[in-house]
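Look at the structure first, then read on.

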Amino acid sequence: MIKGKFIDNLPKVYGIYTGGFLVFIILMAIAEQTGLMSAKAIGIAFVAFTVGIYAVIGYLSRTLQLDAYYVAGRQVPTVFNGMATAADWMSGASFVAMAGGIYFKGYGYMALLVGWTGGYVLVASLLAPYLRKFGCYTVPDFIGTRYGGNAARLSAVLVLTVASFTYVTAQINATGTIASVALDIPFEVAVYVGLAGILICSMLGGMRAVTWTQVAQYIVLIIAYLLPVFWISNKMGAGIFPHLMLADEVARIAELESQFGLGTIKNTAADLATVPKGLAGITKAHSSVNGTNWGFISLAVCMMAGTASLPHVMMRYFTTPSVKTARRSVAWSLFFIFLLYSTAPMLATLSKLSLIDPTLSTGIIGRSIADVQALDWYQNWNQAKLMFVSDFNGNGTLELNEFFMGGKAVVLATPEIAGLPYVISGLVAAGGMAAAMSTADGLVLAIANALSHDLYYKIIDPKAETAKRLIVARVLLVIIGFAGATIAAMKIQGILGSVIWAFDFAMSGLFFPLVLGVWWKRANSQGAVAGMLLGLLSGTAYLIWVRNGGAGFWGVTQLTFGIVGSAVSLVSMVVVTLMTPAPDAKTMAMVDEVRIPSGKTVLGRQH
Amino acid sequence: MSKQSQHWEKTRGLLFITLAIWFVFSIGIFFFGTEMQASSFRPFGYPLSYYMTCQGSLLAFVILIFWFANRQEKIDEEFGFSEREDD
């Protein structure tokens, strides 16, 4: 239909789309300035307009073909796949929670930035090109064919489901949070509104629809993230280009921290008990090294290995036309991710300084409590349960240790605090929605595809016809979406916490079986199964132990339990492999074939 | 030695170099957090430790992957294993 022409016209199509979006922002700004639309109407317009566009793209990309549904027909060009991967990758956590994490925890937390980018070096060099050559539809498809046997395939499906499901609940939680703020509806309802958007984007067209909506979502989210940061930086006179010019601001925060007695004035437990759940104060230094080297490195290592094992990312490189383009596409993905990640610490810096510097008009520390409580934006965000002040020492003045904020507020509230027009807040809400939706799409699809292709088609009913396979895939998509939304509505764990867990789960079970599948010919099915199952099991056991007050060892916390899981995985995989016979000649030849880029894929085009 | 194993030898060599550079920027330098912070070398005025975690290492990874992709393409071409372009 539009396929052939559409691919050729991509730059033009998305160019027009970007232009159209910018025009929409300007129209909204005019509507706000002339008083034509209320702040609430603008928020609704932003979310409705962007989600509407994704729905149209999702509908236009509907398909009845297997390779279009599973791997977007393997014709997504390098740069566009890079953008889609970046959107797939940058979740609600990256968009709404990461700058907040950096704001509260400073240097120690920025290990996530290093981990979530460094992992792409592993993806590019160890895995992506080889898995593309393999020609699989899903990650368990690779494990199942490379190692052979249903046990290996099933174990991979299990690890994938555990990791991705942990992750997807966090994303649906994020879409719900944003939708509830922007549309002013209760969270429990907003979660299902978010889910509806996610399903519209993915259900009819599978990977093809998700690819083209993700590109559109990347454009929205990157504009929504960068524009306010540049604006605030210029408005504060901090610098035209914040990334290179905030050194003075970073130094000023360190100066204020010691002036306000950060780390020396501590709140009593009784005082802290009055702070609403989920809010935190500034307790860690902003830029200076504030933890152990090992704490930083272990977190970075877990995020890197997790990146290389998360199926929804790997799956994106199955959609490129060739092995060469898969490799290049990883580089472009990281470039597009870099644009946002290098901006997050700058946003945290600007946000913190504008709140705590008494010499700035926006600063609230050192002002009287009554003044702060009378501020419009304070009242809004206090009502949204994302901000709280309390006069613990009874001196009538707000101190640094008396101000509490939710992590999400750093991204969502900073434009308003800095005095930017409301249109920017609407834009940020649309960006956050795009980020959370794009990742949720990718994850729901990864789980549903693994279950429909690997569990249903490959194991239960290998004779199923194309039409039936596609129906099963879609039914599973809806079921998984609803399961995710239901769990998200229960709010078990914060957004960022669940995301980090997902990385640790993926790393525990999949990292070594995937890497050794390409790089160690001798690796066999028994070893891989042992590696996946024992890795996942020991990682989970360690998490439960530490969560229930266990002391832990090697300085591994509940955020880095993947270190334990993957160590067990590696050892058990190697030991079991060496104790059992080497794989047969056919498998060895298959590995040789995977190692060279040219020639036919190992699995057929439709399988 | 066959063409294929020579190709793999070179590919593996490139992998080790890539992973060594990756190790330095993702793990190696962060063993020296406090030393970096005290360093008088301050890119754009930021403390070195702060700069590396929020920009320096990230940028190094982007450049590293582009460089890696180019080198691997050269290796593939050398042994005639590069794909025919039809995209």
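## Model and conventions

Two residues are in contact, or touch, if their C-beta atoms, placed from the backbone, lie within 7 Å. This is a predicted model: local features need pLDDT of at least 70, side-chain atom pairs count only at pLDDT 80 or more, and totals for chains, interfaces and linings use all residues. Residues are numbered from 1 along each chain as its sequence is written, while chains are lettered from A and ligands numbered from 1 in the order in which they are written.

## A:Leu386 and its surroundings

A:Leu386 touches A:Trp381, A:Met405, A:Gly406, A:Lys408, A:Ala409 and A:Ala413, leaving aside residues up to four places away in sequence. A residue is buried if 20 or more other C-beta atoms lie within 10 Å of its own, exposed if 12 or fewer, and partly exposed in between; again the C-beta atoms are placed from the backbone. A:Leu386 has 23 other C-beta atoms within 10 Å, so A:Leu386 is buried.

Helices (H or I, at least four residues) and strands (E, at least two) are DSSP runs, numbered from the N terminus. A:Leu386 sits in the loop between helix H20 (376-383) and E2 of chain A. Its C-alpha atom is separated by 29 Å from that of A:Cys302, 84 residues apart along the chain.

## The sheet

Strands pair if DSSP finds at least two bridges between them. In chain A, three strands form an open sheet in the order E1-E3-E2, with antiparallel pairing. Strand E1 (279-280) and strand E2 (387-389) are the edge strands, each pairing on one side only.

E1(A) pairs with strand E3 (residues 403-406) of chain A over two bridges. There, A:Leu279 stands opposite A:Gly406. E2(A) is joined to E3(A) by three bridges, and A:Val389 has A:Phe403 as its bridge partner. Both faces of E3(A) are covered: A:Phe403 and A:Met405 are buried on one side, A:Phe404 and A:Gly406 on the other.

## Chain A overall

Chain A has 27 helices and three strands. Its C-alpha trace spans about 80 × 55 × 40 Å along the principal axes. The radius of gyration is taken over C-alpha atoms, and the globule rule is 2.2 Å times the number of residues to the power 0.38. For 607 residues, a compact globule would have a value near 25 Å; chain A has 24 Å, which agrees.

Buried residues make up 58% of the chain. Of the contacts in chain A with a separation of 6 or more, 84% are between residues 24 or more positions apart.

## Core

A nonpolar core is a set of buried Ala, Val, Leu, Ile, Met, Phe, Trp, Tyr and Cys residues joined through C-beta atoms within 7 Å. The largest one has 236 residues, and A:Leu221 and B:Ile65 have the most contacts inside it. Helix H22 (residues 422-460) of chain A gives the largest share of this core, 21 residues. Beyond four places in sequence, A:Leu221 touches A:Ala87, A:Met90, A:Phe95, A:Gly431, A:Ala434 and A:Ala435.

## Interface

In all, 45 residues of chain A are in contact with 40 residues of chain B. On the chain A side, H17(A) supplies the largest share, 11 residues.
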